[in-house]
Amino acid sequence: MPVAGRRLGAGAKQATDTIWMSATFKAAAILNRKIGRAPGSLERLAGPATKEGTMKAALQNYKVRMQRVLDYVDLHLDDDLDLDTVSRVAAFSKFHFHRQFTATFGLSVHRYVQLARLKRASHRLASNDAESVTDIAMDAGYDAPDAFARAFRRRFGQSPSSFRKSPDWAPWLAAFGPLDNARSKLMQIIYDHEDVTIRDLPSTPVAVMAHRGDRATLGETIEQFIAWRKAAGLSPETSPTFNIFRSERTPANPADYSMDLCVGTDQPIAPDDEQMKAGVIPGGRCAVLRIVHNTNNLEAAALFLYRDWLPASGEETRDFPIYCRRHLSVFPNVPVPEMVCELFLPLK
């Protein structure tokens with residue numbers, strides 16, 4: 001027996017495994033003789049299970065390597081992201097990697113990188129008037145502003161300058177559907193009951209901007225929210241950001257989609273402010289699930305809390321919607337893999 005807390009060396013572990021397997025097969029041989037089973041039965045029975053386990057491990061390793069590529073791209077949008085580079089990150093042959101990537105994600109490496117850079121560029125256009133279109137174009141990988149403008153118009157139906165003045169968010173959301181789908185196709189995120197903690201939280205005063213209606217127009221509301229909090233001097237680093245989900249992500253009638261965008265503050269809201277209203281996220285017990293992957297779609301996390309965790313916990317919900325807090329900063333200030341949020345399910 002190894003000493004508790006000490007890891008076996010490779011040789012010791014191999015020897016231990018060999019002894020265990022030898023003992024197992026000897027016991028099986030005795031049992032086979034007693035019941036008249038052929039000597040090789042254990043091997044035949046164990047074969048399919050062993051093969052299935054090996055295949056699952058190989059598939060998991062494959063997914064991890066592909067995830068590593070997406071994370072690397074998100075973190076190195078300013079670098080040279082050619083096929084040689086990204087295939088080395090995945091440790092796959094460059095002669096096959098482009099086909100592997102396309103088969104896995106439904107779009108090529110080049111298009112994924114282009115969309116990721118255009119997404120960052122569009123955020124910078126909408127959120128920072130001080131940056132020139134030329135600088136944003138160069139950072140997006142284009143040699144000239146006119147080439148960037150053509151690609152931008154083709155993708156979003158607006159020129160960069162027009163988008164900066166008045167973004168049309170419906171085609172923007174549609175354009176980045178393949179980018180979001182690529183990340184969601186990689187693997188189903190699995191949560192465990194141990195990932196959930198229960199906390200007693202204080203009441204939090206917030207300024208609330210309500211979005212009501214088709215989720216396709218949510219981007220416009222988000223932009224208004226960002227502009228308001230900037231004008232109020234409430235940065236994500238110092239004033240927490242909350243989303244209160246008052247409907248399903250995809251209701252049967254798109255017009256029924258409902259969500260509140262909130263910023264933590266106790267400063268008074270002007271009575272004639274048509275965008276923001278004062279509100280409070282009530283204190284109390286909450287089940288909390290921390291999410292450290294791409295946080296754009298929290299549907300899987302919410303489903304786990306409602307379908308798996310809640311019935312097994314013996315807890316009951318109280319009368320306030322599920323909500324989340326987005327920590328520190330949001331894209332484009334930090335890359336996608338570094339985004340963190342906490343999902344709160346209010347409990348009695």
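Cys 324 is buried, because its relative accessibility is 0% (buried means under 20% relative accessible area, exposed over 50%, and partly exposed in between, with a 1.4 Å probe and protein chains only). Cys 341 counts as buried too, since its relative accessibility is 0%. The sulfur of Cys 324 has its closest cysteine sulfur in Cys 341, 4.9 Å away, which is too far for a bond. A disulfide is a covalent bond between the sulfur atoms of two cysteines. Here a disulfide is counted when a pair of cysteine sulfur atoms lies within 2.5 Å, and the structure holds zero of them.

A word on what you are looking at: this is a predicted model, where local features need pLDDT of at least 70, side-chain atom pairs count only at pLDDT 80 or more, and totals for chains, interfaces and linings use all residues. Residues are numbered from 1 along each chain as its sequence is written, and side-chain values use heavy atoms, with hydrogens and water left out.

**The overall picture**

The protein chain has 12 helices and eight strands. Both are DSSP runs numbered from the N terminus, with helices being H or I of at least four residues and strands being E of at least two. Of the 348 residues in the protein chain, 38% are buried. Among contacts with a separation of 6 or more, 70% are between residues 24 or more positions apart; contact means heavy atoms within 4.5 Å.

**The sheet and its helices**

The eight strands of an open sheet follow the order β1-β6-β8-β7-β3-β4-β2-β5, and the pairing is antiparallel. Two strands pair if DSSP finds at least two bridges between them. At the edges stand β1 (196-201) and β5 (277-281); each has a single partner strand, so one side of each lacks a neighbour in the sheet. From one strand to the next, the twist averages 35°. Angles run from 0 to 180 degrees between N-to-C directions, and axes are lines fitted to C-alpha atoms, for helices over the stretch in contact.

Which strand does β7 pair with over four bridges? The partner is β8 (residues 341-346), which meets β7 (residues 323-326) in the antiparallel sense. Within β8, Glu 342 is the bridge partner of Arg 325. Helix α12 (residues 299-313) packs on the sheet, where it touches β1, β6 (284-291) and β8, and its direction makes about 40° with that of β8. Helix α11 (residues 218-231) lies across β2 (204-212), β3 (241-245) and β4 (258-264), and runs at about 15° to β4.

Helix α5 (residues 109-127) has 19 residues and reaches 27 Å from its first C-alpha to its last, close to the 27 Å expected at 1.5 Å a residue. That expected span is 1.5 Å times one less than the number of residues in the helix. Helix α5 is mostly covered, with 15 of its 19 residues buried.

In helix α3 (residues 83-90), the buried residues include Thr 85, Val 86 and Val 89. Ala 91 follows α3 and has a positive phi, near 60°.

**Salt bridges**

The structure holds 12 salt bridges. Each has a side-chain nitrogen of Lys or Arg within 4 Å of a carboxyl oxygen of Asp or Glu. Three of these pairs are set out here.

| Pair | Closest N and O atoms |
|---|---|
| Asp 146 and Arg 150 | 3.7 Å |
| Arg 246 and Asp 260 | 2.5 Å |
| Arg 307 and Asp 308 | 3.1 Å |

Asp 308 is partly exposed, at 27% relative accessibility. Salt bridges with shared partners also join Arg 124, Glu 131 and Asp 139 into one network.

Arg 246 forms its salt bridge with Asp 260. This pair links distant parts of the chain, 14 residues apart, with Arg 246 in the loop between β3 and β4 and Asp 260 in strand β4. Is Asp 260 buried or exposed? Asp 260 counts as buried, at 4% relative accessibility, while Arg 246 is partly exposed with a relative accessible area of 41%.

Asp 146 and Arg 150 both lie in helix α7 (residues 145-156), four residues apart, or about one turn of the helix. Asp 146 is partly exposed, with a relative accessible area of 46%.

**Around Ser 159**

Ser 159 sits in the loop between α7 and α8 (160-165) and counts as buried at 15% relative accessibility. Setting aside neighbours within four places in sequence, Ser 159 is in contact with Phe 152 and Arg 153. Ser 159 and Asp 146 are 13 residues apart in sequence and 9.9 Å apart in space, C-alpha to C-alpha.
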